[in-house]
Amino acid sequence: MLFALAMALSFFESVITPLLGLMPAMKLGLANIVVMYALVFMKRRQALALVLLKAGFSLFVRGATAGLLSLCGGMLSWAVMCLLLSLPTPVTGYIFSVCGALAHNIGQLLGAATVLGSAMALGYAPILLAVGLAVGSLTWWVARGVFPALKRLYPKEGKGIDKIIF
């Protein structure tokens, strides 16, 4: 069900992104809210499964390069957010979301540099990092409105629920 939600949000992103004037490879990151949800309210394994399913879906729908970039970005983002959840002190939802978005973009840049066999792709880094900061802020804003209500519904679910301050 979460995978279906992630795909619906991904479709919505693909429709709205051109209307916002963003470059073709840039997305709003709304589907990543579902991965954040799985990390906070479920287990890391479920969030990892979502990352892998999203990458597989990109592979089948948009091709090998898109699938690889989705996998690289999703895995690095997942790893960074897991690291944040393992810290001894709670982190803010803003830091959690922005770090996840920035890690996703860095993972995609490293994947693109590998595919191209050149560091030329890294020239795109300043733009993608600025957009990652904005997108991470957007996903935090959405999650900030949704996650506290979900916390009241599922107060004892997931290991990350007490690690994020919204």
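**Note on the predicted model**

1. V51 counts as buried because its relative accessibility is 4%, and buried means under 20%. The structure discussed here is a predicted model. V51 belongs to helix α3. Once neighbours within four places in sequence are set aside, V51 is in contact with V35, G74, M75 and W78.

2. The overall make-up of the protein chain may be described next. The protein chain has six helices and two strands. Read from the N terminus on, its elements follow the order α-α-α-α-β-α-α-β.

3. As to overall dimensions, the radius of gyration of the protein chain is 15 Å, which agrees with the value near 15 Å that a compact globule of 166 residues would have. Taken along the principal axes, the box filled by the C-alpha atoms of the protein chain is roughly 45 × 30 × 30 Å.

4. Of its 166 residues, 39% count as buried. Among contacts between residues at least 6 apart in sequence, 66% join residues that are at least 24 apart.

5. Helix α1 covers residues 2–19. Just after α1 comes G21, which takes a positive phi of about 80°.

6. Which residues of α1 are buried? They are A6, M7, S10, E13 and T17. What covers these buried residues of α1 includes α2 and α3, the latter formed by residues 44–62.

7. Not counting residues up to four places away in sequence, S10 touches K27, A31 and R62.

8. Helix α5 is made of residues 93–116, 24 residues in number, and it reaches 34 Å from its first C-alpha to its last. This is close to the 34 Å expected at 1.5 Å a residue. G117 follows α5 and has a positive phi, near 70°.

9. The second largest pocket holds about 180 Å³ of space. Eleven residues line this pocket, and those closest to its centre are L5, Y37, V146, F147 and L150. The elements that give two or more residues to the lining are α1 (2–19), α2 (32–41) and α6 (125–153).

10. Which element supplies the largest share of the lining of the second largest pocket? The largest share, four residues, comes from α6. By class, the lining of this pocket has eleven nonpolar residues, with no polar and no charged residues.

Definitions and conventions. Residues numbered from 1 in each chain as written. Predicted model: local features only at pLDDT ≥ 70, side-chain atom pairs only at ≥ 80, totals over all residues. Heavy atoms only, no water. Expected span 1.5 Å × (residues − 1). 1 Å grid on protein atoms, 1.4 Å probe; cavity = no way out; pocket = protein on both sides within 12 Å on 5 of 7 lines; lining within 4 Å. Points joined across faces, edges and corners; volume = space filled by probe spheres on them. Nonpolar A, V, L, I, M, F, W, Y, C, P; charged D, E, K, R; others polar. Buried < 20%, exposed > 50% of the residue type's maximum accessible area, 1.4 Å probe, protein only. Contact = heavy atoms within 4.5 Å. Rg over C-alpha atoms; globule rule 2.2 N^0.38 Å.
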